[in-house]
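Hi,

Here is the structure I promised to pass on. Have a look at it first, and then read my notes below.

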Protein chains: 2
Amino acid sequence: MRTIKLTLAYDGSEFFGWQIQPDRPTVQAAVMEVVEVVTGERAPVHGSGRTDAGVHALAQVASFQTASGIPAANLAKALNRQLPHTIRVLAAEEAPAGFHARLQARAKSYRYRIYRGGICPPFLWRYVHHFPYPLDEQQMIEAAPLFQGAHDFTSFASAEPPAPDERQMPSKSLVRTVFSSELRREGDELVYTVRGSGFLRHMVRNILGTLVEVGKGRMSAAQIPEILAARQRSAAGPTLPGKGLWLVSVEY
Amino acid sequence: MRTIKLTLAYDGSEFFGWQIQPDRPTVQAAVMEVVEVVTGERAPVHGSGRTDAGVHALAQVASFQTASGIPAANLAKALNRQLPHTIRVLAAEEAPAGFHARLQARAKSYRYRIYRGGICPPFLWRYVHHFPYPLDEQQMIEAAPLFQGAHDFTSFASAEPPAPDERQMPSKSLVRTVFSSELRREGDELVYTVRGSGFLRHMVRNILGTLVEVGKGRMSAAQIPEILAARQRSAAGPTLPGKGLWLVSVEY
């Protein structure tokens, strides 16, 4: 058996997230279907992690095993011919035996885009969260780096039950290490960039919801350490919509 | 009665063009519907011209008459609240009595985007025509300005019967004046920009189809004057897809 590593870009707008679900279009289901068409084998395709409904990916990584002898470069072309235009295989490579996109991911980077203009251009609304109301952006920019470091992120974890994928994780610890956490203004957008060892479900969207509370003056940057220490979801801000979130890269 | 001038941006992906049609979502139908909700009046909303299925607009102009006293600025907000996110009113202004978005348009500018990279990003595919095959771009760039000037554009007009709008035009002449016509490389895209007194149906898409034939070496830049002189549709290249076309601005 060969192990194939796929790098995928997708527009999450029309998918109910990454993970396969009955009767709903998902990215994983679409990729597994075309892998089956191209290789003739029904194989599980493991993503580096799930992305929720509406979340986009510039470079998601996935892996699967195949007995097929199709060269990796041809595989990328064949998959792209069958996939919807909203999912593209950017690269298909031979990976070492035992490579697993989720289990071996060492770091991931995400981006979150908040559109600050009064009228959200129709060409952007699938890709950003539109928030045209007043915000103290300077306070938010100062608060963003306070998420850096190793923290128990219970306050920022989804209150929903863990997904099957997460249950299989070796550790149930909610400690994650954030290597960098930065918010900045780029034109009409506030862009948040975060790189970390791993992320809990909804973690980035909850960090953003908390930063927006800081921008509204309902929370202060100084409270971030307390919110982390509280280890309860209700201490942090709300979950911002999935459509502003982008999985930027996965490192191995 | 007051006359209102609307400036509209829209993502044409999910519409069957501008013009109202039975049982199909169109931009004009969507705008007329919300104008009725907001003003309480069913009024025709005239666009500066029709855009075909898939064609986008950065600043389409439309006009309608109303007896409603709602201030123009409030009107824009009220319409945006009701419209789908794929259509935005960028501005609503009081126009002089008798203003008509189509009859008084003096010039229009369009853009056409051809994506040249091997893999079209999922976030762009609604907005560009993907053509990853070899093209002599320099020949195309040299051919583009040959469309400038006043020409009979019969060779570049849709062979389909004219739409009702066009039948009402005072002149049946197929002479149009192109003020500027330029193709250039912008990153991974070939971007065509054209400004003219008016455009026949499919004219820009047929110019582009002809430029692509030049790029393929099937036609030469030197043939453009002959193709114009031939005054028959079959002399020019094919019609490129609507989704790469953008209505950029309308001048009055």
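One term before anything else: a residue is called buried when its relative accessible area is under 20%, exposed when it is over 50%, and partly exposed in between (1.4 Å probe, protein chains only). By that rule A:Asp11, at 0% relative accessibility, counts as buried, and this residue will come up again below.

Some housekeeping. This is a predicted model, where local features need pLDDT of at least 70 and side-chain atom pairs count only at pLDDT 80 or more, while totals for chains, interfaces and linings use all residues. Residues are numbered from 1 along each chain as its sequence is written, chains are lettered from A and ligands numbered from 1 in the order in which they are written, and side-chain values use heavy atoms, with hydrogens and water left out.

How the two chains are arranged

The interface

Taking contact to mean heavy atoms within 4.5 Å, 22 residues of chain A touch 22 residues of chain B. About 1600 Å² is buried between chain A and chain B, and carbon and sulfur atoms give 70% of it. Buried area here is the accessible area (1.4 Å probe) that two parts lose on being put together, summed over both. Which three residues supply more than any others of the area that chain A buries against chain B? They are A:Ile119, A:Pro122 and A:Phe123, with 37%.

There are also six residue pairs in polar contact between chain A and chain B, both residues being at pLDDT 80 or more. A polar contact is a pair of N or O atoms within 3.5 Å; within protein, one must be able to donate a hydrogen and the other to accept it, and residues adjacent in sequence count only if both atoms are side-chain atoms.

On the side of chain A that touches chain B, the elements that give two or more residues are strands S1 (2–10), S3 (56–66) and S4 (87–95) of chain A. Strands are DSSP runs of E with at least two residues, helices are runs of H or I with at least four, and both are numbered from the N terminus. The largest share of that side, four residues, comes from S4(A).

Salt bridges

A salt bridge is a side-chain nitrogen of Lys or Arg within 4 Å of a carboxyl oxygen of Asp or Glu.

The side chain of A:Asp11 meets that of B:Arg126 in a salt bridge (2.9 Å, N to O). This pair crosses between chains, from the loop between S1 and helix H1 (27–39) of chain A to the loop between strand S5 (107–115) and strand S6 (129–130) of chain B. B:Arg126 is buried too, at 4% relative accessibility. B:Arg126 also has a salt bridge with A:Glu14 (2.7 Å, N to O), and A:Glu14 is partly exposed, with a relative accessible area of 43%.

Within chain A, A:Arg205 and A:Asp52 form a salt bridge, with the closest N and O atoms 3.3 Å apart. The two are 153 residues apart and link distant parts of the chain: A:Arg205 is in helix H5 (residues 203–216), A:Asp52 in the loop between S2 and S3 of chain A. Both are buried, A:Arg205 with a relative accessible area of 11% and A:Asp52 with 15%. As for A:Asp11, A:Glu14 and B:Arg126, salt bridges that share partners join them into one network.

Inside the chains

A:Ser48 lies in the loop between strand S2 (46–47) and S3 of chain A and is buried, at 4%. Beyond its neighbours within four places in sequence, A:Ser48 has contacts that include A:Gln60, A:Arg102 and A:Tyr252.

Best wishes
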